[in-house]
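Please keep the sequence and the model in view while reading.

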Amino acid sequence: QVQLVDSGGGLVQAGGSLRLSCAASGSIFSINAMGWYRQAPGKQRELVATITSGGSTNYADSVKGRFTISRDNAKNTVYLQMNSLKPEDTAVYYCNADLRRIGDWRHISYWGQGTQVTVSS
């Protein structure tokens, strides 16, 4: 009943930019927060950025000043603007949403399918 679809990944040279999008759809009552995580080959999944329904943001130290997370509450969509990309940013990026479904009191975490970001040197 709830689906997160993330998109916008691709291949870009170092110093370039990409914008990721993630739209949550289905029987959603409310979304507390949305965020982006990434997993590089041979590494654990790590938090990149999060944003609450009120607009509070949090970033990993490695992306501060380069990435910007934003949200369109009316569309249940979160974005990640990635500038000054580095080869170290290469990873699969996953969208996440902490939300309540209609008729369900529980807060549940949902994940997108992931989108590949590759940064060449």
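## The disulfide

C95 is buried, with a relative accessible area of 0%; buried means under 20% relative accessible area, exposed over 50% and partly exposed in between, for a 1.4 Å probe and protein chains only. The model is a predicted one, in which local features need pLDDT of at least 70, side-chain atom pairs count only at pLDDT 80 or more, and totals for chains, interfaces and linings use all residues. Residues are numbered from 1 along each chain as its sequence is written, and side-chain values use heavy atoms, with hydrogens and water left out.

Which residue is joined to C95 by a disulfide? The partner is C22, with an S to S distance of 2.1 Å. A disulfide is taken here as a pair of cysteine sulfur atoms within 2.5 Å, and a search of the whole structure finds 1. In general, such a link is a covalent bond between the sulfur atoms of two cysteines. Because C22 lies in strand β3 and C95 in strand β9, the pair ties together parts that are 73 residues apart in sequence. Strands (E, at least two residues) and helices (H or I, at least four) are DSSP runs, numbered from the N terminus. The torsion about the S-S bond is about -85°, and the disulfide is therefore left-handed.

## The surroundings of C22

C22 is also buried, at a relative accessible area of 0%. Contact means heavy atoms within 4.5 Å. With neighbours within four places in sequence left aside, the residues in contact with C22 include L4, V5, M34, W36, N76 and V78, as well as C95. The C-alpha atoms of C22 and Y94 are separated by 9.0 Å, although these residues are 72 apart along the chain.

## The nonpolar core

In soluble globular proteins, nonpolar side chains tend to be buried together. A nonpolar core is a set of buried Ala, Val, Leu, Ile, Met, Phe, Trp, Tyr and Cys residues joined through side-chain atoms within 4.5 Å. The largest one in this model has 32 residues, and W36, L80, M82 and Y93 have the most contacts inside it. Among the elements that give two or more residues to this core are β1 (2-7), β3 (18-26), β4 (28-39) and β8 (77-82). The most is given by β9, with 5 residues.

## Charges over rings

A charge sits over a ring if NZ of Lys or CZ of Arg is within 6 Å of the ring centre and within 35 degrees of the ring normal. R19 lies over the face of Y79, 4.2 Å from the ring centre. The charged end of R45 is placed over the ring of Y94, at 3.8 Å from its centre.

## Residues in loops

Most residues other than glycine have a negative phi. N76, in the loop between β7 and β8, has a positive phi of about 50°. This residue is partly exposed, with a relative accessible area of 24%. S84 is found in the loop between β8 and β9 and has a positive phi near 50°; its relative accessible area of 39% makes S84 partly exposed.
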